[in-house]
Every structure is written in C-alpha cells, then in structure tokens.
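Me: Hi! I've got a structure open here and would like to talk it through with you.
Reply: Happy to, let's have a look.

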Amino acid sequence: MVVQTLRKRNFRSISLLCLTLLLNGCVYLIIGGVGAVGGYVISPDTVEGLIADKDFEEVWSAAVEVIAIMGIIDEQNRAGGMILARVQGAKVTVTMVSLGSSTVKLTIKARTAFLPKVKVAQEVYLKIGRQLNQ
C-alpha cells in the first residue's frame, strides 16, 4: 500500500514536471530595436519582426550575405522567402514575407536537436538589421 502511494506521488511529480517543460517559454518578450529593424518579438526559439522602408529584395540580399558569413546555407528558396542554414551548430530557418512595397516580416528560428537557440536567432536577426542600415 505504501509503495503504491509512493508510485502515484512520483508519477504525479514526473507528470507535472513534463507539463511544466512543455509549457515553458509560451510567454513572448518584446524588445525594441534600432533603425529600419524596429521592434521584434522573441519566443523560445524564434525572433520575429517587421522591417520597414526596405523591400523584399533588399532584405533577401542582406539575409543571404549575413548568413553566408555566419554559417553555411543548406537551401534557399527566393520565391518562397525561405533560407535553411547552419549557424554556430544550430539549424536556422529564415522566413521572409512581403507585407507591401516597403515592409517585410522577417522570422528567424534556431534550434539544435530539440533545444531552442534563441541567442543564435537573435544574433542573426540583429546582424541582418545592421546590414540593412549600412
């Protein structure tokens, strides 16, 4: 009887721990940036923001140049607005969507295996922003 009670208690504790880990990082953090990049949003593995006063081609060129310097580009699809690369050991996915003639939504996701690497995503995002401001 005592062993069964301990098993139930351990099961509940492990279940609660797993649930906590699954729900970890659901809150978004909004940080202000500088220049054309503006503010951006950070989630556990993604940095996302709007780039104003730049067209899709300018953002695409800057992203390809920055990522080629920081890591290795595995795939790129200009028509789909997506770049897959390896940067600092993380798998990085860059997605761009044109929201008009002079605004682009830029999303950068970075993961290593199942672990988020938000610092890598943030570094790539900020370097693309700096490249656009030059």
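**Around Val94**

Me: Which residues does Val94 touch, not counting residues up to four places away in sequence?
Reply: Val94 touches Ile67, Gly81, Met82, Ile83, Leu106, Thr107 and Ile108. Bear in mind that this is a predicted model.

Me: Where is Val94 found?
Reply: Val94 is in strand S6, which covers residues 90-98.

Me: Is Val94 buried or exposed?
Reply: Val94 counts as buried, because its relative accessibility is 0% and the cut-off for buried is under 20%.

Me: And how far apart are Val94 and Glu48?
Reply: They are 46 residues apart in sequence, and their C-alpha atoms are 9.7 Å apart in space.

Me: Changing topic: how many helices and strands does the protein have?
Reply: There are 3 helices and 8 strands. Along the sequence they follow the pattern α-β-β-β-α-β-β-β-β-β-α.

Me: What about helix H3, what span should its 16 residues have?
Reply: H3 runs over residues 118-133, and at 1.5 Å a residue it should span 22 Å. The C-alpha atoms at its ends are 22 Å apart, so the two values agree.

Me: Which residues in H3 are buried?
Reply: Val120, Ala121, Val124, Tyr125, Ile128, Gly129 and Leu132 are. In an α-helix there are 3.6 residues a turn, so residues three or four places apart point the same way.

Me: Last one: what share of the protein's residues is buried?
Reply: Buried residues make up 30% of the 134. The accessible surface comes to about 8600 Å², with 60% of that belonging to carbon and sulfur atoms.

Conventions. Residues are numbered from 1 along each chain as its sequence is written. This is a predicted model: local features need pLDDT of at least 70, side-chain atom pairs count only at pLDDT 80 or more; totals for chains, interfaces and linings use all residues. Side-chain values use heavy atoms; hydrogens and water are left out. Helices (H or I, at least four residues) and strands (E, at least two) are DSSP runs, numbered from the N terminus. Buried means under 20% relative accessible area, exposed over 50%, partly exposed in between (1.4 Å probe, protein chains only). Accessible areas come from the Shrake-Rupley method with a 1.4 Å probe; for residues, only the protein chains shown count as cover. The expected span of a helix is 1.5 Å times one less than its number of residues. Contact means heavy atoms within 4.5 Å.
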